[in-house]
Amino acid sequence: VTDNTEIKSEGNYKIDTDNYSTVLTIKSCTRKDTGEYLLTVSNLAGSKTVAVHLTVLDVPGPPNGPIDIVEVAADHMVIAWRPPKDDGGSPVINYIVEKRESKKETWGMVCSSLSQTRLKIPRLQKGAEYIFRVRAENKIGIGPPLDSQPTVAKSMFEPPSPPGKPTVHDITENAATVNWTIPKSDGGSPITGYILERREISGKWIRVNKSPVLDLKFRATGLYEGNTYEFRVFAENSVGLSKPSPVSDPIKATRPISPPGPPINPKLKDKTRETAELVWTKPLKDGGSPILGYVVECQKSGTTQWNRINKDELIRPCAFTVPGLIEGNEYRFRIKAANIVGEGEPRELPETVLAKDILTPPELELDVTCRDVITVRVGQTIKILGKVKGRPEPDITWSKDGKILTKDKRTDIIQEVPRIELQIKSATRADHGKYIISAKNSSGHAQASAIVNVLDRPGPCRNLKVSYVTKDSCMIAFENPEDNGGSEITNYIVEYRQPNQRGWSIVSSDLTKRMVKAHLIENHEYFFRVCAENKVGTGPVVETKTPILAINPIDRPGEPENLHIAETGKTFVHLKWRRPDYDGGSPNLSYHVERKLKDSDEWERVHKGSIKETQYMVDKCVENKIYQFRVQTKNEGGESDWVKTSEVVVKEEVQKPVLELKLTGVLTVKAGDPIKIEAGLKGKPQPEVSWSKDTEDLSKSPRVKIETTSHSSKLLLEKSRRTDGGKYVITATNPVGSFVAYATVNVLDKPGPVRNLKVSDMSTDRCKVSWDPPEDDGGCEIQNYIVEKCESKRMVWTTYSSSVIMDSVQVSHLIEGNEYIFR
């Protein structure tokens with residue numbers, strides 16, 4: 001049973017009952033099948049009823065309408081609705097809101113995840129008609145929609161009505177004040193401000209104020225003088241702008257005009273016996289119209305009448321020279337400004353003016369740029385500026401170096417008192433110097449001077465000289481140019497070239513001294529040139545006229561050194577000397593030798609040509625005659641002074657032999673080295689020399705070489721032996737006598753074998769080995785002995801000690817029972 005109606009097995013219902021159960025089946029159930037079902041079971045014993053609640057889930061129904069349009073505006077609306085009566089058996093979890101314009105068929109999504117039943121729909125188009133629909137959603141799905149009535153998006157208020165017709169006053173050449181009245185209606189929303197527009201006649205409307213004004217008036221600026229303008233006003237509220245107000249009456253932007261104010265600070269600038277020069281400043285106020293000019297009036301002392309000076313036209317500048325004054329009279333002056341309206345108030349000079357000449361002596365003042373040295377470069381224009389004062393006007397003269405300057409092609413003299421100027425075009429170096437400006441009148445004279453420096457390249461260097469020439473260098477010297485070009489010389493440039501070359505090579509380009517050393521190649525010729533440089537540039541070069549040759553300078557040589565008579569004979573004299581210390585720069589030296597008898601005044605040349613050696617045998621002398629000899633040196637540079645010997649008798653000399661060993665002490669050599677012994681030899685006649693050792697004549701030994709000259713005797717013994725040591729005897733003999741010298745030689749060699757080697761003091765592990773020193777120690781002291789041992793059964797020698805000093809040694813660490821041999 002449901003809803004008090006018994007269900008029968010028909011239609012969508014089917015009931016199946018057996019002895020144990022009953023089943024109710026509802027096919028294609030709908031939401032309407034939800035409700036209470038009662039099952040009643042009965043028999044003879046009684047009945048039993050149980051209740052079953054059935055819920056059929058479905059999507060929710062449409063929201064409960066209608067949709068309320070809560071708020072309407074030009075760009076948005078607010079809508080509201082109520083939840084659906086049937087939530088489909090499951091709570092509503094979301095609402096979906098859509099919109100469309102009435103004239104369109106497509107829906108647009110507004111919101112798909114809304115849990116409230118109220119929504120503001122933004123971004124609507126003003127004036128468009130919209131329909132909205134809302135659908136509910138539960139966990140089963142989305143239900144059918146609820147549509148709203150068509151609604152137009154428009155404001156709830158109206159724009160205000162237009163303001164009243166504007167009026168314009170307080171007009172100037174560039175501004176005017178505009179007033180208006182409030183609109184009759186504010187459209188339901190308070191007025192937030194007013195917009196003012198202007199236009200020129202038949203032109204476009206232009207907004208005047210950037211932001212709305214709350215006041216009922218506005219000062220419009222930025223007008224152009226002479227133009228005609230109209231104005232209109234808009235009122236604004238939250239809805240928008242009103243329609244424009246009626247257009248104002250046209251107005252013209254012009255300034256209000258009145259006569260100008262009085263001129264400022266009129267004063268007397270200058271005067272003569274017939275004129276007065278007046279100056280003033282324009283008025284502070286021009287009366288709203290440009291000042292057209294000025295009127296000057298004059299009043300003679302003792303009268304009250306003011307006479308206009310400029311009767312025909314106005315004076316435009318703020319200065320005027322009043323003519324026609326009578327010398328000695330006093331005058332008063334006043335000035336008035338005039339514009340298009342008329343003349344303004346006058347302003348009088350504070351003092352009276354006496355018509356009389358002003359006499360002042362000249363005053364000269366150079367321009368600031370001319371008070372220090374005026375520096376220009378060659379080719380530029382020299383300008384000397386100055387100012388001159390004086391009454392009457394002074395006569396101006398310019399002079400330099402005592403010469404008065406006049407106008408010519410390069411010189412221009414400008415005299416526009418008080419300005420004076422001297423211009424010299426295309427300046428040359430000769431234009432530098434002191435310029436005198438003289439000013440003279442009947443009251444006195446004045447003078448000023450200006451120093452002008454014309455910068456140019458320096459002049460040529462002077463006195464270029466090349467000196468101290470050698471085969472590899474020379475010195476170049478010069479003097480400063482007479483004219484440094486008006487600027488300090490910064491450096492000199494020295495160059496050279498060979499005659500067969502066109503190009504010049506630099507010796508030095510940053511030379512600050514006036515002397516430099518140049519490096520040359522021997523036997524080459526060179527030209528040199530030099531120029532000075534300052535900050536303007538390099539000056540002209542000065543060249544050497546003739547080339548110089550790179551060779552050492554040749555001078556007269558020095559005198560021969562140590563001239564002496566080496567030997568005299570029966571008819572000859574042997575002269576010897578030494579080369580001079582100074583050869584004069586030439587290695588090609590030769591000598592002249594001359595002689596003379598004691599009582600003669602004439603010197604006789606004893607040879608033909610020149611002698612190259614430093615000795616000469618003068619022969620053909622007369623025996624037992626007294627001679628004097630002299631020698632001089634000669635080279636390409638000339639001849640030296642003579643050097644003389646003392647007087648000498650030419651005769652044969654005799655001298656006992658003398659030997660001088662060139663050996664001190666004992667000569668020690670190592671075996672195998674040569675033995676060299678030398679002895680100086682003197683004696684006349686020439687002595688005979690013999691060498692011996694142990695009475696043996698050494699000249700017969702094949703290992704010995706003996707060389708004897710007039711001055712020495714030398715012995716050379718090759719590959720010396722230990723037996724070559726001993727005493728060597730040198731004997732020199734001539735008819736006058738003999739001389740014996742001795743030389744001791746020690747030949748060093750290895751020592752001989754030791755003697756009497758014996759072993760003693762034997763024990764289980766040691767013994768004593770002793771010996772006698774060798775007969776021959778090799779020529780020097782024995783330093784140490786070397787002891788070796790050997791086991792007889794092995795026969796291998798080992799060193800026991802290599803530094804034994806004594807003639808015995810205690811040998812230890814022997815092995816008991818072994819047999820040993822020692823050496």
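The model is predicted.

**Aromatic pairs**

Begin with the whole structure. A search across it finds 13 aromatic pairs. The ring centres of Y130 and F132 are 6.3 Å apart, and the planes meet at 15°. Planes under 30 degrees apart count as stacked, so Y130 and F132 form a stacked pair.

Keep both residues selected and show the surface. Are Y130 and F132 buried or exposed? Y130 has a relative accessible area of 4%, so this residue is buried. F132 is buried too, with a relative accessible area of 0%. The cut-off for buried is under 20%.

Next, select Y496, Y526 and F528. Ring pairs join these residues into a cluster.

**Charges over rings**

Move to R630 and W642. Which part of R630 sits over the ring of W642? It is the charged end of R630, 4.1 Å from the centre of the W642 ring.

Now select K693 and Y728. K693 lies over the face of Y728, 6.0 Å from the ring centre.

**Annotated spans**

Look at residues 362-453 on their own. This span is 63% strand and 0% helix. Its end C-alpha atoms lie 27 Å apart.

Finish on residues 657-746. Here the chain is 63% strand and 0% helix. The end C-alpha atoms of residues 657-746 are 28 Å apart.

Conventions
Residues numbered from 1 in each chain as written. Predicted model: local features only at pLDDT ≥ 70, side-chain atom pairs only at ≥ 80, totals over all residues. Heavy atoms only, no water. Phe/Tyr/Trp six-rings, centres within 6.5 Å; stacked < 30°, edge-to-face > 60°. Buried < 20%, exposed > 50% of the residue type's maximum accessible area, 1.4 Å probe, protein only. Lys NZ or Arg CZ within 6 Å of the ring centre and 35° of its normal. Helix = DSSP H or I, 4+ residues; strand = E, 2+ residues; numbered from the N terminus.
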